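Here are my notes on this one, as numbered points. Have the structure open while you read.

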Amino acid sequence: MSDGATDPATEAFLAHRNLLFTVAYEVLGSAADAEDVLQETWLQWVKADRGQVRDQRAFLVRITTRQALNRLRTMKRRREAYVGSWLPEPLLTAPDVAEDAELAESVSMALMLVLETLTPTERAVFVLREVFDIDYDEISNAVDKSPAAVRQIAHRARRHVDARRPRRAVSSNESRAVLESFQCAVETGDPQALLEVLAPDVVLMSDGGGIKHAALRPVTGAERVARMFAGGIRKVEGTITTEPTVINGDPAFLVRMGGEIDGVMAISVENSRITGLFYVRNPEKLTHVTSVTPLTLR
């Protein structure tokens with residue numbers, strides 16, 4: 001990609017890059033694959049007859065969506081062969097992402113997992129319509145469906161997501177108090193303190209990808225989750241430390257064991273209790289977490 005500041009093609013692409021990355025990431029759930037899609041989009045963009053392009057943003061979104069859909073369909077076999085639970089690749093996000101409630105929800109681990117239950121086309125339509133408010137005619141060009149069909153797909157996807165959408169209405173002070181209690185409980189290995197901060201129906205999902213040890217299935221219930229934490233902590237030879245951060249617009253912890261990064265844990269909070277814990281240990285998914293530059297997304 002050219003770095004020339006006066007290159008119109010480069011300037012136009014960079015002006016919309018955050019939007020394109022967010023579209024690709026929300027469709028794919030993988031930052032690495034989203035970056036590949038952006039590279040493919042760039043290659044098509046520089047080859048296009050840009051003099052015939054009336055709306056550069058719409059054109060670039062259309063290319064990105066098509067590339068992401070193609071990749072998502074080929075990724076299905078990879079997901080089916082994945083060892084254990086699969087979680088989206090976590091992103092270190094800037095504070096302003098967390099302040100944008102709609103954007104933060106759209107990239108949250110909890111909602112990204114709901115999007116996994118949609119078909120590829122439903123997922124793309126939902127992201128373009130519900131997250132970015134792109135009109136139906138524009139979406140129809142991106143997914144090669146009629147506007148009428150896109151409306152039906154959007155309605156079906158919205159109904160499906162709404163039935164499974166996690167609740168997120170908590171204050172920052174409430175989240176901070178819960179996280180501080182959880183952090184203390186984890187670092188001390190106190191199972192009773194863990195029980196006090198976990199919701200009765202809390203769900204823990206861990207993703208090791210067959211590279212690092214992780215639960216093969218979601219663990220449900222405060223007592224089971226607390227026992228798993230307590231048992232895991234006892235087996236650790238070094239010191240466990242947790243560093244607060246923001247992942248996918250949600251409060252999270254960067255977890256170190258013996259000073260080495262072990263993984264990242266995103267957390268969902270409702271009614272002063274933790275309802276969801278998403279622990280990514282697969283080192284192949286941690287590249288964007290260890291980055292020194294948080295993503296601003298769209």
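**Notes on the model**

1. Let's start with Thr242. Leaving out residues up to four places away in sequence, Thr242 touches Gln183, Val186, Glu187, Phe253, Leu254 and Val255 (contact means heavy atoms within 4.5 Å). Thr242 sits in strand 3, residues 240-247, and is buried, with a relative accessible area of 12% (buried is under 20% relative accessible area, exposed over 50%, partly exposed in between, using a 1.4 Å probe and protein chains only).

2. Before going on, some housekeeping. This is a predicted model, where local features need pLDDT of at least 70 and side-chain atom pairs count only at pLDDT 80 or more, while totals for chains, interfaces and linings use all residues. Residues are numbered from 1 along each chain as its sequence is written, and side-chain values use heavy atoms, with hydrogens and water left out. Helices (H or I, at least four residues) and strands (E, at least two) are DSSP runs, numbered from the N terminus.

3. Now look at Tyr279, in strand 6 (residues 273-280). Tyr279 counts as buried, at 10% relative accessibility. Beyond its neighbours within four places in sequence, its contacts include Leu87, Met205, Val255, Met257 and Asp262. With Asp262 there is also a side-chain to side-chain polar contact, at 2.3 Å (a pair of N or O atoms within 3.5 Å; within protein, one must be able to donate a hydrogen and the other to accept it, and residues adjacent in sequence count only if both atoms are side-chain atoms).

4. On to a helix pair. Helix 4 (residues 56-80) packs with helix 8 (residues 120-131) at an angle of about 150°, their axes 10 Å apart. The two are therefore roughly antiparallel (angles under 35 degrees count as roughly parallel, over 145 as roughly antiparallel, 65 to 115 as roughly perpendicular and the rest as oblique; axes are lines fitted to C-alpha atoms, for helices over the stretch in contact, and angles run from 0 to 180 degrees between N-to-C directions). Where do they meet? Val61, Thr65, Leu69, Leu72 and Arg73 of helix 4 meet Pro120, Thr121, Arg123, Ala124 and Leu128 of helix 8.

5. Last, helix 9 (residues 136-143): six of its eight residues are buried, so helix 9 is largely enclosed by the rest of the structure. Which ones are buried? They are Tyr136, Glu138, Ile139, Ser140, Ala142 and Val143. These buried residues pack against helix 4, helix 8 and helix 10 (147-164). At the start of helix 9, a side-chain oxygen of Asp135 comes to within 3.2 Å of the backbone nitrogen of Asp137. Following helix 9 is Asp144, with a positive phi near 60°.
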